[in-house]
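Keep the structure open as you read.

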Amino acid sequence: MASRVIFNRGALTFGTYCQHLSWNVTVTQVRGIKRWMRSYIQIMARKLKLEGPPPPKPRSQEPNWDYHAEVQAFSTRLHENFSLEELKIAFINPCYLQAELKRRQELDMEFEVTALALNDNIELSARGDAFTKSFLTDWCSANFPSLPTQGVESVVRHLTSVTLISDVARNLGIEDLTMSLEFPVPDNVLHSTFMAVIGALHDNSGTERTGYFLRDFLVSQLIGKDLFDMWTVVNPMGLLVEELNKRNVPLPEPRLIRSAGSSTVLPLYFVALYSDKKLLAQGPGETLIAAEEEAARVALRKLYGYNENRQPFDFRPQPAQHEHPVLQTVSSS
């Protein structure tokens with residue numbers, strides 16, 4: 001009897017001890033970088049430093065790429081009505097066709113198989129380039145009637161330059177759709193592709209819609225741009241004298257109106273131009289000649305209507321012309 005009581009008491013004490021242990025024991029999980037990861041990261045960093053970054057890959061080589069859907073999305077994203085077949089031709093450059101034909105011939109394929117049933121964008125690019133230059137010339141002449149022919153040509157040359165056009169084309173996503181031999185696509189190829197897109201838009205939507213497109217994406221690049229950053233004038237004072245003679249205005253007289261730090265390494269002079277005792281313009285410069293030339297540029301900006309406080313360009317959206325007839329009837333009623 002006594003032994004049974006001792007056994008039960010021992011069992012009860014052991015159970016209480018185990019229960020006490022279960023209450024105090026806590027399991028924690030530690031997450032961190034493994035030891036082998038440090039050496040692996042160092043090896044990959046050293047390899048990247050020696051070999052350089054990997055070459056960029058075009059989007060067409062990535063998974064889940066549907067060229068037809070991407071071309072259709074491009075047309076929808078710009079809210080323009082393109083013919084998909086003509087838009088696809090606008091993205092095909094001659095260098096891509098030549099490289100693809102050469103690659104097929106190297107595989108010893110028959111001529112009927114190697115022949116490509118594709119057309120390049122040379123004709124579309126030529127038509128788009130001609131229309132773009134004509135539209136921009138007319139727009140500059142209409143908005144800046146006092147600007148001479150050389151100034152208009154300089155502005156149009158800036159807006160149709162390879163650097164500006166390629167930058168606009170990349171921002172519109174044309175680079176991912178361009179079929180070219182090299183990637184990243186060279187600037188000259190992007191320029192011709194963008195002009196081909198303009199040609200395709202002109203063929204499908206007409207002159208008015210294409211003009212709005214050029215106004216929104218090319219003319220807007222003039223915002224914050226100085227006239228003489230696009231038009232290099234060697235002798236601004238001579239040009240100012242010529243313009244004043246055309247307008248029968250007395251010749252300008254330069255006068256030093258104020259200066260600062262003339263005996264230091266950073267002098268500053270302000271020169272004003274007067275004509276018939278009237279102030280034309282004033283400009284600063286580190287020397288008297290530089291200040292006089294800057295004042296002449298300011299006066300030319302005022303004469304040509306290209307000064308900084310001019311009226312902003314009108315970029316208001318045009319009235320909707322592609323609305324469904326039923327929707328137009330409902331909205332009008």
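## Ser-275 and its strand

Ser-275 sits in strand E2 (residues 268-275); helices (H or I, at least four residues) and strands (E, at least two) are DSSP runs, numbered from the N terminus. The model is predicted, so local features need pLDDT of at least 70 and side-chain atom pairs pLDDT 80 or more, while totals for chains, interfaces and linings use all residues. Residues are numbered from 1 along each chain as its sequence is written, and side-chain values use heavy atoms, without hydrogens or water.

Is Ser-275 buried or exposed? Its relative accessible area is 4%, so Ser-275 is buried (under 20%; exposed is over 50%, partly exposed in between; 1.4 Å probe, protein chains only). Beyond neighbours within four places in sequence, Ser-275 is in contact (heavy atoms within 4.5 Å) with Val-249, Pro-250, Leu-251 and Leu-280. A polar atom of the Ser-275 side chain lies 2.7 Å from the backbone oxygen of Pro-250.

## Met-44 in its helix

Now look at helix H2 (residues 35-51), where Met-44 is found. Met-44 has 37% relative accessibility, so it counts as partly exposed.

Leaving out residues up to four places away in sequence, Ile-174 touches Phe-74, Phe-91, Ala-169, Leu-190, Thr-193, Phe-194 and Val-197.

Note on methods: A polar contact is a pair of N or O atoms within 3.5 Å; within protein, one must be able to donate a hydrogen and the other to accept it, and residues adjacent in sequence count only if both atoms are side-chain atoms.
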